[in-house]
Amino acid sequence: GATILSGFNQLAAGINSLIGQGLSNCVNNCFSTIINGQCNLVSGNVSTISGGYCNQVCACYNFVGGGVKNVIGCCSPYSTIDSGCCNVINGCASSIQNGLRNEICSGANFSTIGSGKFNCILTNATYSSIGGGTNNCIGNTQATIAGGVLNVNCGRSAFIGGGVGHFSSGCESFIGGGNSNCIVFWCESSI
């Protein structure tokens, strides 16, 4: 059966589900847990929300550590959001450590955003990574943006280290830093 240890207005409806404490939390699938917090929802099997406010986990085998209004979508098993606010994962086996309004889109499986705000890894950009920064975007597989502001990396296996306003579409290209550098089409290029 389901277990509610304490709190107010809680619902644990899944087999072997657990709510530790808090207010208005809901677990409606099997072997899932909400430890604490308010208005959190777990609807995937074998998933956990540790705390926070209005976090949602829809898929199976997921974890949200805390924060506010973080969401792991229904087609995103094995994913993690540690903390932050309004972060969204729709890719499998992906993670967001922290930050504000970061997003890993559908099909961007095995991808990571470390922190920062308004960063995105676009649809099907698998195995990609954004370390941090603001308004950075990746649109191809195995691409990396370490940090910076307003950088766009659309090159397969391409790297942008940091800086402001860089653009890369060359495969296996490298932009170390600086301001407004651009690599278009040329593979294995560097700035």
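Author: Welcome! Buried means under 20% relative accessible area, exposed means over 50%, and partly exposed lies in between (1.4 Å probe, protein chains only). The model here is predicted, so local features need pLDDT of at least 70 and side-chain atom pairs count only at pLDDT 80 or more, while totals for chains, interfaces and linings use all residues. Residues are numbered from 1 along each chain as its sequence is written, and side-chain values use heavy atoms, with hydrogens and water left out.

Reader: Thanks! How many strands does the protein have?

Author: Helices (H or I, at least four residues) and strands (E, at least two) are DSSP runs, numbered from the N terminus. The protein has 0 helices, and its strands number 24.

Reader: In what sense do the strands of the open sheet pair?

Author: Two strands pair if DSSP finds at least two bridges between them. The open sheet holds 12 strands in the order 1-3-5-7-9-11-13-15-17-19-21-23, and their pairing is parallel.

Reader: Which cysteine does Cys-58 join in a disulfide?

Author: A disulfide is a pair of cysteine sulfur atoms within 2.5 Å. For Cys-58 the S to S distance is 1.6 Å. Cys-58 lies in the loop between strand 8 (56-57) and strand 9 (63-64) and its partner in the loop between strand 10 (71-72) and strand 11 (80-81), so the pair ties together parts 16 residues apart in sequence. The partner is Cys-74.

Reader: And is Cys-171 buried or exposed?

Author: Cys-171 is joined to Cys-187 with S to S 1.9 Å. The pair links the loop between strand 22 (167-168) and strand 23 to the segment after strand 24 (182-183). Cys-187 is partly exposed at 39%, whereas Cys-171, with a relative accessible area of 15%, is buried.

Reader: How far is the nearest cysteine sulfur from Cys-75?

Author: Cys-75 is exposed, with a relative accessible area of 62%. It is in no disulfide, and the nearest cysteine sulfur, that of Cys-74, lies at 6.6 Å.

Reader: Finally, what share of the residues counts as buried?

Author: The C-alpha atoms fill a box of roughly 60 × 20 × 15 Å along the principal axes. Of the 191 residues, the buried share is 41%.
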